[in-house]
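This report is for a reader who is meeting the structure for the first time. Please look over the sequence and the model before reading on.

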There are 2 protein chains.
Amino acid sequence: MLTTERHSLILEQLTKYKNLTIKDIIELTYASESTIRRDLTELEAQDKLVRIHGGATLPKRKLQEFSIKEKSTKNLHEKVQIAQYAVSLLNKGDCIFLDAGTTTMQMIPFLKDKEVVVVTNGLTHVEALMNYGIPTYVTGGYIKTKTGALIGAQTIQSISNYRFDKSFLGVNGFHKQFGYTTPDPEEASTKRQASAYALETFMLADQTKRNNVSFAKIADISDAALITCHLSEEAYKIFSDLTTVKVANQ
Amino acid sequence: MLTTERHSLILEQLTKYKNLTIKDIIELTYASESTIRRDLTELEAQDKLVRIHGGATLPKRKLQEFSIKEKSTKNLHEKVQIAQYAVSLLNKGDCIFLDAGTTTMQMIPFLKDKEVVVVTNGLTHVEALMNYGIPTYVTGGYIKTKTGALIGAQTIQSISNYRFDKSFLGVNGFHKQFGYTTPDPEEASTKRQASAYALETFMLADQTKRNNVSFAKIADISDAALITCHLSEEAYKIFSDLTTVKVANQ
DNA sequence: TCATATTCGTTCATTTTTGTTCAAAATCAT
DNA sequence: ATGATTTTGAACAAAAATGAACGAATATGA
């Protein structure tokens, strides 16, 4: 069977059943597991499907993308720990900036008793904040449909209208030399601005982000405090030389 | 069974029965208790459900509640007519402001083919606009929890960063002498600003709003075009002396 | 209030899935 | 046919998901 035949067969069955296991596909094509894996990798690169643990599924189009947050909540437990620790740093009456993203999202349930005022650029956060009855301001801006984050010049301008006691930002990587980074330059600018208008900035990152370097730089390590999890003693030494490092639940 | 399959199965059943016990889910999925617990934890982190002792239930979604309320709203048919008529006034490529509120909400389904860019201060509108794939900007501001509308100084400032071809505003009353009015002065200011930054302004109001006078004045009748429904000939004469009046579907 | 029964979160071992490497087979160009 | 390139399948270590066990927390009913 030709490679392209396999590919179209996979996609055909996928549109029919919405998701397939690797085993399904093996039975379907009589190819080996390795080959199927390669197929899936390739088809995913072409945006024709999305790989999931155990198989593949159809990519989410416009619909639902936003309301159903498809971000698989990986390292959830760590994120919750980090979030909880971050909240413990708050004082009554603080005005804070809450960045869009899954880690900062986990802070919201703990905010209830803190009597803070929140400014956020995450549309996904808005609903949760409302449900907890937390006074909330939204930055303006263009909606990035993939993540429900507000970005662009308007967002940056909006932020400049506030002053924050503390900013809590999510990052995609932190690295001794290359600093805090994130894939989207637009988001990086937004984060930078939120940091500039805050007395203190906290970068939230689980351990998988260590030594990651993404495309767009947000700031140097020394420009913000780092809140993370499970840092080796060696790594702790490296980063705490440069900035305040808080390790949530050791 | 794939993890995502289980997840969507759980959510599907949950929307059907409003709440489920862990046992229900085990019978449904043939997975172990541990696995189900993990699923629930993850789905809760994504705000898709709320865990309760013994199972899970649907989260209370304020924004969604608003949307549902809007659907069961009064004079829906009139509002749809008015909205549809309003959309018919649009040209390809127009940049428009869409005010928060039930009547303007009805415009969204018809916008799909118009290739417009939308700026809105209604959080309830955002999800709908995204679902229809319409490029959307959100104004900044404070969230009025009752209605999901953005208001306040930041909203007004946000609006000044745009220029609209057309603004579509909802009003609570229109009156020959007292003009267009709405109960909340903050919202009135927002509407006034949206009108000021638009080449043309359209006030959308069903017939029950005629001769209503609310607390806060938005503008004089002559300051904006009026789109309404079922106007008596006498009333039509009165208002069309002052401004452009469009009667949707007579 | 207390005792009992569920349910919950956590930990750990097991199973499954994944990415990578490497050699064999197939395909291609000359 | 020969050598070069690509595709394939197998092996294996790393990562992720799963299920069972168990003490802690919570609900239930007397």
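## Basis

This is a predicted model, in which local features need pLDDT of at least 70 and side-chain atom pairs count only at pLDDT 80 or more, while totals for chains, interfaces and linings use all residues. Residues are numbered from 1 along each chain as its sequence is written, chains are lettered from A and ligands numbered from 1 in the order in which they are written, and side-chain values use heavy atoms, with hydrogens and water left out.

## The sheet across two chains

Helices (H or I, at least four residues) and strands (E, at least two) are DSSP runs, numbered from the N terminus. Two strands pair if DSSP finds at least two bridges between them.

Strand β6 (residues 136–138) of chain A pairs with strand β7 (residues 141–144) of chain B in the antiparallel sense, over two bridges. A:Val138 has B:Gly141 in β7(B) as its bridge partner.

## Selected residues

Buried means under 20% relative accessible area, exposed over 50%, and partly exposed in between (1.4 Å probe, protein chains only). Contact means heavy atoms within 4.5 Å. A:Tyr162 sits in the loop between α9 (153–159) and β9 (164–170) of chain A. A:Tyr162 counts as buried because its relative accessible area is 11%. Leaving aside neighbours within four places in sequence, the contacts of A:Tyr162 include A:Tyr137, A:Val138, B:Gly141 and B:Gln154.

B:Ser195 belongs to helix α10 of chain B, and is buried because its relative accessible area is 17%. Apart from neighbours within four places in sequence, B:Ser195 is in contact with B:Ser167, B:Leu169 and B:Thr201. A:Cys229 is buried, with a relative accessible area of 0%.

## DNA strand C

A residue is near a strand if one of its heavy atoms lies within 4 Å of it. DNA strand C is surrounded by 17 residues, the closest being A:Arg37, A:Arg51, A:Gly54, B:Arg37 and B:Gly54. Of the atoms of DNA strand C that come within 4 Å of the protein, 79% belong to sugar and phosphate.

A polar backbone atom of A:Ile52 is 3.2 Å from a phosphate oxygen of DNA strand C. For B:Arg51, a polar side-chain atom lies 3.0 Å from a phosphate oxygen of this DNA strand C.

## DNA strand D

Around DNA strand D there are 15 residues, and the closest are A:Thr35, A:Arg38, B:Arg6, B:Thr35 and B:Arg38. Sugar and phosphate make up 58% of the atoms of DNA strand D that come within 4 Å of the protein.

An N or O atom in the side chain of A:Arg6 is 3.1 Å from a phosphate oxygen of DNA strand D. A polar side-chain atom of B:Ser34 lies 3.0 Å from a base nitrogen of DNA strand D.

How values were computed. A polar contact is a pair of N or O atoms within 3.5 Å; within protein, one must be able to donate a hydrogen and the other to accept it, and residues adjacent in sequence count only if both atoms are side-chain atoms.
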